[in-house]
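Dear colleague,

I am passing on a structure that you have not worked with before.

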Amino acid sequence: MPQIKSQMKRVKTNNKAHKLIVSKKSALKSSIKAVLAAVDAQDKEAAIIAYNSCCSKLDKAVAKGIYHKNYASRQKSRLATAINSIK
């Protein structure tokens, strides 16, 4: 445990930031799972709605530096391919 006051504050702010990042990552993973669940149910309309929401969350995560832009584009491509596979 740090002894210096500024280091104690830094530990607190790092923990706070970490909790926010973990929360955003969890919400994003849940939205990705929602798209995949709609694809499994063969519900194209619901999948598209979930996909649009998911793309927005991915873009915001990239803008905040939580994920790399290549990760976001790979997920978008993977989900779009899954949606397009629905007959």
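The notes below cover a pair of helices, the loop between them and one glutamine.

This is a predicted model, in which local features need pLDDT of at least 70 and side-chain atom pairs count only at pLDDT 80 or more, while totals for chains, interfaces and linings use all residues. Residues are numbered from 1 along each chain as its sequence is written, and side-chain values use heavy atoms, with hydrogens and water left out.

Helix α1 (residues 5–40) and helix α2 (residues 44–63) have axes that come within 9 Å and cross at roughly 160°, which makes α1 roughly antiparallel to α2 (a term for angles over 145 degrees, on a scale from 0 to 180 between N-to-C directions). Helices here are DSSP runs of H or I with at least four residues, numbered from the N terminus. Where they meet, A27, L28, S31, I32, A34, V35, A38 and V39 of α1 face A46, A47, A50, Y51, C54, K57, L58 and A61 of α2, contact meaning heavy atoms within 4.5 Å.

In the loop between α1 and α2 lies Q42, which has a positive phi of about 60° although it is not a glycine.

Q75 belongs to helix α3 (residues 69–84) and is buried, with a relative accessible area of 8% (buried means under 20%, with a 1.4 Å probe and protein chains only).

Best regards

Methods: Helices (H or I, at least four residues) and strands (E, at least two) are DSSP runs, numbered from the N terminus. Angles under 35 degrees count as roughly parallel, over 145 as roughly antiparallel, 65 to 115 as roughly perpendicular and the rest as oblique. Buried means under 20% relative accessible area, exposed over 50%, partly exposed in between (1.4 Å probe, protein chains only).
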